[in-house]
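User: I would like to learn how to read this model. Please take me through it one feature at a time.

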Amino acid sequence: MSSVTIPSPATASEETHWWKSRTLRRFMRHRLAVIGVAMITILVLSCVFGPYLLPYDELFIDLRARFAPPLTGYHIFGTDPLGRDIAARLFNAGRISLLVGFFAMLMSTALGTLIGIIAGYRGGLTGAILMRIVDAFLSFPSIFLLLALAAFIKPSPFMITVIIALTSWMEVARIVNAEIRSIRERDFVLAARSLGYRNSTIMLKELLPNAIGPIIVAGTLTVARAILLEAYVSFLGYGIQPPLPSWGNMLNGAQQYLDRAPWLAIVPGVAITLAVTSFNFIGDGLRDALDARSDLE
Amino acid sequence: MSDNKNDVLTHPTRRQVMGQTLGLMALRASGVVFSGVPGFSQALAAGEKSIKGQLIISFSQEPTVFNPHMPHIEVDDGIHFSLFDPLFYVDPEGKFVAALAAEVPTVENGGISADGLTWKVKLREGVKWHDGAPFTAEDVKATFELLVNPDFRSWRKTGHDLIRDLKVVSPTEITWRMEKAFAPYPSILASTFITPKHLMSASADPNNAPFNNAPVGTGPFKWVERVAGDHITLEANADYFAEGPYVERLIYKYIPDLNVMYTQFKAGDIDVLGLQWITPDHYEEAKDLPGMTVSVVPAATVESFSFNMDRPQFKDPAVREALYAAIDKAAIIDALYYGLPAPTETYMPQQSFYYNPDLPKQAYDIDKAKELLDTAGWAPGPDGIRAKDGVKLAFTCSTTAGNHIREQVQQYIQQSFKDLGVEMSISNLPPAVMWGEYWMMSKFDTVIVGLNFLTGSDPDTSDYFRSTSIPAKGGAGQNTWQYANPEVDALLAKGGEVFVPEERKAAYAKVQEIMRKDLPFLPLFQYATVQGNKQGIEGINPNVNTRINTWNVGMWRRA
Amino acid sequence: MLSYIVSRLLQSLVLLLLVSIIGFAVLNLAPGGPLSQYALTPGMTQETMDRIAHQMGLDRPLPIQYLDWIWRLLQGDWGKSYRDQLPVLQIISSHLFATLLLMGTSMVISIAVGTWIGVRGATKRYSIFDYTATVGAMVALSIPTFWFGLVAIYVFALRLKWLPAGNMYTVGDGSFMDYATHLILPSLVLALVDIAVWSRYMRTATLDVINQDFVRTARAKGLSERAVLMTHVLRNALIPMITLAGLQLPTILGGALVTETVFTWPGMGRLFLDSLGYHDYPVVMGLLMFSAILVLVGSLIADILVAFVDPRVRLG
């Protein structure tokens, strides 16, 4: 046990190129995942370039053109109660919603992974306390935490992202904790420890790579979840504030006009569903491809 | 039209109380009603009341406070009016009408001394509480004492705390002395319901008395039950001393969503709509609904774009004036509010005797607004935002999150201001946050808010405009604009001391003129509500001096 | 077994304490307060608001308020609502029926439909049905519930006018049929996600069971496919589902919240939103503790039940 290099499962296959990897091949065989990637690509491209192709500014108010139904003139998706073009708003909203979803995922995954690794590696009292905190957070209905926190903080896209992240890191923490516990006593970890590696090095270099699969899967699903959460919070009026559009706040108030202007509700809802479905498809595909445990909740 | 009408709408109440010689003359001139409740004699003559059927009244907020002396909201008022009576109330014309008092106390009938300090109120005989106990002067005394009880969460002590030497002379007579003459007191009394001593004193802690959730009053209806989160049932008080009731049962149904409420109204599930009635966007359709009576009813609330005058941007009057000129009021009212509310230049309801109709009319003129700012030295910076002496013309605007039309108004104004080189960002808050310290302690830049500045029909607004009423500076009132103008202070003081309505009117007209010039808030419009009921229900009579349309529910009947 | 339950209970108590501290802190540190709703009452002054806040004890330091609250709670006093002075437990229980009715109906629907889809999908693995169910479940999990509710209201209430748009019953009616028609839309909307969850889990569980020896034996004995399915597969596949059902109990508050808002259903979810809006802390805290207790009790009961039903599981 005196050799300096410690073979760890994650680094074993580093020689091969990633695009030739079995994982990728398995992923590409997963038809839904491919559809998901395609849909999300189209969505992202529309949101990035769409606004430049439309003749309307997403903030331009024209009270004479209120409630125009879809396909009125160049208003392909119609207009809202202030006469703003819904297509222009939808694409700009998509930028916000997708960014919020993505960054919320990054933050919550980082936080969850950190807590999960420490709890799993340390175990004992530290681990127990950390995991009880995780349990405590999980005991709240997440919508409560969101609303309570949103009432606290001035809602800006950044703060909403932070709030969503603060309410969705727990599951990652659980998954990582379970993963780490299962490998903590394996030979390569014991070896690293006996060599006097610092704990932080062991956690980052030895343990983390082994949990990366489940983390990626959980992360993908978290994007989906974060987009949904943003929609819920903004729908209830506590999220992204107008005039900045987000898919969620475009739905806020749509119920009031459901009878006379149903497109106000239908258009952003379809966008949300498409985006969330795509990420769920991708997550499912990744899970199969990475052969991660299939009982993620 | 309004001039003639306003003569009828006299609110001469102050003087009636304070009764100096001049006041007496005005009193006679204005023809105050001294008799009892209108229709009372007819009802007695008819011998018996015909009580039949039930009425379902909908509220979009849930009534939860049934002790009328504790802090409560509008819809709670609606229940209080059904269960309780004040000594006298204020009718739609602004006149006082006796209820539990045998007659409205005045100088003429000896109820109030010439200096306005000594009161003697005769009470109606033979009135019984819903539980059968007789109503006496002891109940009135106990009510007044409860209102100033330091352990009790009384929502309003104002005026009551001036009462001294409260004495029960006989079961039907009570007297007291006022520490000082206080002009708005009759209006306060008109919204002070009398509660039963024997039930209120039964509990050691009046804040948690069983009475608070099983109220007993003298009113036209008796408490039956409340299903929390759903509805409240009341039944007819057949022994009611005045006119009515004419229906066996009232059901106050809580429907938290205005669209659902409207749908159910259309379907005929609701007899009479209560607060918040029909949203403006449904008016066009609603007014032609078969079998329904739908009308536009003005309310005393005035919508304003309010400034925090302590912010450096808003200290310059030119800024406030320019922003006012940049608001397209007509577009907001016509497009977003479907033309229902009336534009206004003042905080005073247009139905009030004290309304000043001669204020300059605001006109939407973006060029004039630009010119005003240019002249005042607010020049556009490199980012297009105007600035002067390092102060950028950028600020936030807040209002209650979830008020959709108002949020649209906000975004519309935001665009207009942007054209002007003014950056307004929106920061809306949930109601419990918005109207807490954020509003009361002036932590906002600007706010869009609807306020009813008056107590009943009384024009006194000292708590809102006096420079000593600024909570952020340790004041006791609700001058959240932090508005301070010695002239207004003096006029408000004078308005509270002079008891001749015409003289008072001069003072308050001047206050309105100064407020229009100073613009601590930009008056947008006076509220109009779209109220509705099934045809064949009679007696519904909106009252701009109360907050709720069920103020006279005892007189409602099915034809 | 007993020691397991005791230690789980102790852990749960610690957890509840944590939940109460976090909840109380988050709520009370947020700006605004229960008196804000009275600010716009004509004639309201800051002086009056300060006085009432003092009388209600709202101006005391937060730790004191918390200790006061938790001390009363330990004695069984859940406090009284700031809005209507009613005891918190009474308020919660008066909203419980509406929520239980909605959740119960939707749970029955989702378990029945979800089990059917899951088992059928597993027995006919990789069939068109299985594939459609899989895709359908994932899409269902991706649709925002409130939006689905809006679409359902638009189609079935506003356009087709088949069903009411909201509320639990028509004012003045309240017959069984009236409740039933009001129940259809919200319970189906709520069931959508649960059907998806149940069918996925059921499919996995059935696949696990279907290849086990005793099933093969049963089949070898010549039992009909249907009998094998009903007596052997289904029974064993349902065992892990007990855990799932236990874990679903807590969603009673969170899950129904948005649906109740969209359909103006007078249940606990809306009570929660209303109370949060008014900053009615005692009720919000009560609901939080109530739902946290449900979470803990739910998972505890589920674990114990599984241990009873399935002797292979050992608690320790």
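User: How many residues does the contact take from chain B and from chain A?

Analyst: Bear in mind that this is a predicted model. Interface size is often given as the accessible area lost when the parts come together. Here we count residues instead. The contact draws 17 residues from chain B and 15 residues from chain A.

User: Which elements give two or more residues to the side of chain B that touches chain A?

Analyst: They are helix H12 (329-336) and helix H14 (404-419) of chain B. H14(B) gives the most, with seven residues.

User: By class, what residues does the side of chain B that touches chain A have?

Analyst: Seven are nonpolar, nine are polar and one is charged.

User: Turn to the fold. What does the secondary structure of chain A come to?

Analyst: Chain A has 11 helices and zero strands. Read from the N terminus, its elements run α-α-α-α-α-α-α-α-α-α-α.

User: What share of the residues of chain A count as buried?

Analyst: Of its 297 residues, 50% are buried. Now take the contacts in chain A between residues at least 6 apart in sequence: 71% of them join residues at least 24 apart.

User: Now a single residue. Why does C:Ile301 count as partly exposed?

Analyst: Count C-beta neighbours. A residue needs 20 or more within 10 Å to be buried, and 12 or fewer make it exposed. C:Ile301 is partly exposed because it has 15 inside 10 Å.

User: Where is the place of C:Ile301 in chain C?

Analyst: C:Ile301 sits in helix H12 (residues 281-309) of chain C.

Conventions:
Residues are numbered from 1 along each chain as its sequence is written. Chains are lettered from A and ligands numbered from 1 in the order in which they are written. This is a predicted model: local features need pLDDT of at least 70, side-chain atom pairs count only at pLDDT 80 or more; totals for chains, interfaces and linings use all residues. Two residues are in contact if their C-beta atoms, placed from the backbone, lie within 7 Å. Helices (H or I, at least four residues) and strands (E, at least two) are DSSP runs, numbered from the N terminus. Ala, Val, Leu, Ile, Met, Phe, Trp, Tyr, Cys and Pro count as nonpolar, Asp, Glu, Lys and Arg as charged, and the others, Gly among them, as polar.
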